[in-house]
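The stops below go one at a time.

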Amino acid sequence: MSRKLNEHNQKYSHPSVQALLAEYPQQSDPKKIIVNLAQEKRRVALKYGWEGPAYCPLTFCSLFGISCQEANHEIGSDGRIFPREGGKALIEYRGDRPEERIRFTIFHEFVHTLFPDFCTYGVRHHNLRSTLSDAEKQFERLCDKGAAELLLPTEDFLRDLDSSESFSFEELLALRARYGASIDACCIRTAELERELSYAFMFLSVNPEEPDVMTVRYSAKTSQFRTYIPNGLKVPLNSVAFDALRLQHGGCTQFVQETLWMGKGSRTFWVRAMRLDDVVGMPDYPRVLLQLSPKKEITRPLKSQPDLFYRS
Ligand SMILES: [Zn+2]
C-alpha cells in the first residue's frame with residue numbers, strides 16, 4: 001500500500017471515506033471531493049430546471065430517482081436512507097420537525113448516495129450524534145458539508161454575502177427566509193465563506209438546572225477571527241445574552257462592548273445577541289445567538305472600482 005494511502009487510512013478511518021478517497025486518488029481532502037460531487041449534481045439539477053433559492057430537496061431527489069417519504073412515527077432519528085437496487089434509494093424523514101430542519105436532513109441523506117460504497121451499506125440514520133464513533137462523526141460531517149452546499153450553494157451565498165451591508169441579525173434572518181435554512185446553518189455558512197471580515201457567532205444554551213449559567217454549545221467564526229472559542233465557555237451574568245433571553249423570539253439587543261474570559265486571559269469584543277426560537281422537545285437546544293466582532297462596525301471595505309453610474 002502506498003504511503004499516501006496509509007496516511008489517509010490513519011486520518012480517515014471510516015470505510016466510506018476511504019472508499020471516496022480511493023475513487024478520487026488525485027485528491028486528498030474528502031471535504032473538497034464531496035463538495036465537488038454535490039456541485040456536479042447541483043449543475044445537473046439546474047439544467048433540468050431546478051430553481052432557487054430556496055432550493056427544494058424533494059424535487060432535487062426526484063430528479064435523481066430517489067424517493068422521499070414523510071414518516072410521523074419513530075424512525076430513530078430525523079431522517080434515514082435505505083439503498084435500493086440500481087443505485088436508487090428511499091429517504092424517510094420526520095415530517096413533524098421544523099421545515100428548515102427537514103430540508104437540511106433530506107439533503108444530508110442524499111449526500112450519502114455520493115459515496116461510492118453507498119449501495120453496499122445498510123440503513124443510515126441522521127442525527128444520532130452522541131452515539132457515533134469519531135470516524136462516523138467525521139463521515140456524517142462530510143454529509144453535512146455536502147448538504148450545506150446544496151441548501152446554501154457557494155455560488156449564490158457568496159453573492160449575497162458580498163452585498164451584505166452590516167452583517168446584522170436582520171440580514172441573517174433575511175438569508176434564512178431566502179434559503180429556507182436554519183439560522184445555525186446560515187451562520188455556519190456565513191462564517192465559512194467570509195474571507196475579509198472578522199466576526200464570530202456563539203450558540204448559547206441554558207442549563208435547565210442552572211438558569212444563571214449560559215454556555216457556548218457550538219460556535220462559528222470567520223477565518224479572520226483569531227480567537228479560539230471553546231465549547232462550554234460561560235458568558236458573564238451581565239452579558240447582553242441574558243437580556244436577549246428575556247426578549248420575544250427573534251428579538252435582538254444593541255451592539256455593546258463586553259469582556260469574556262477565554263482560556264488564559266480576558267478579551268473584549270463588540271457583541272449583540274438574538275433570542276432564538278425554542279425547539280419543542282429539545283430543552284438543551286441553543287436559546288441565544290451571540291455575534292462577536294473586534295470592531296463596532298462590521299462593514300466591507302469600499303471597493304476601489306469606481307461606480308459606473310452617478311447618482312444624484
Ligand atoms: Zn447521515
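What follows is a list of selections, with what to look for at each.

**Before you start.** This is a predicted model: local features need pLDDT of at least 70, side-chain atom pairs count only at pLDDT 80 or more, and totals for chains, interfaces and linings use all residues. Residues are numbered from 1 along each chain as its sequence is written, and side-chain values use heavy atoms, with hydrogens and water left out.

**Stop 1: helix 2 and helix 3.** Select residues 15-23 for helix 2 and residues 30-47 for helix 3. Helices and strands here are DSSP runs, numbered from the N terminus (helices: H or I, at least four residues; strands: E, at least two). The two axes are 10 Å apart and cross at about 75°. Axes are lines fitted to C-alpha atoms, for helices over the stretch in contact, and angles run from 0 to 180 degrees between N-to-C directions. Helix 2 and helix 3 are therefore roughly perpendicular (65 to 115 degrees; under 35 is roughly parallel, over 145 roughly antiparallel, the rest oblique).

Now show side chains. V17, L20 and L21 of helix 2 touch P30, I33, I34 and L37 of helix 3, where contact means heavy atoms within 4.5 Å. The residues of this contact are seven nonpolar, no polar and no charged. The classes: Ala, Val, Leu, Ile, Met, Phe, Trp, Tyr, Cys and Pro are nonpolar, Asp, Glu, Lys and Arg are charged, and the others, Gly among them, are polar.

Stop 2: Select G52, P53 and A54. P53 lies in the loop between helix 3 and helix 4 (57-63), and A54 is in that loop too. Check omega. Most peptide bonds are trans. The bond from G52 to P53 is cis, with omega near -10°. The bond joining P53 and A54 is also cis, with omega about -5°.

**Stop 3: an aromatic cluster.** Select W50, Y55, F60, F64, F107 and F110, which form one aromatic cluster. Rings of Phe, Tyr and Trp (its six-membered ring) pair if their centres lie within 6.5 Å; planes under 30 degrees apart are stacked, over 60 edge-to-face and the rest tilted. By this rule the model has 14 aromatic pairs. One of them is W50 with Y55, a tilted pair at 4.8 Å centre to centre, with 45° between the planes. Are W50 and Y55 buried or exposed? W50 is buried at 4% relative accessible area, and Y55 is buried at 3% (buried is under 20%, exposed over 50%, partly exposed in between; 1.4 Å probe, protein chains only).

**Stop 4: D96.** Move to the loop between strand 3 (89-94) and helix 5 (99-112), where D96 sits. D96 is partly exposed, at 43% relative accessible area.

Stop 5: Select residues 183-193, helix 9. Nine of its 11 residues are buried, so helix 9 is largely enclosed by the rest of the structure. Among the buried ones are D184 and R189. T154, F157, L158 and L161 of helix 7 meet C186, R189, T190 and L193 of helix 9. By class, that contact has five nonpolar, two polar and one charged residues.

**Stop 6: R272.** Finish with R272, F169 and F255. R272 lies over the face of F255 at 4.1 Å from the ring centre, and over the face of F169 at 5.8 Å. The rule: NZ of Lys or CZ of Arg within 6 Å of the ring centre and within 35 degrees of the ring normal.
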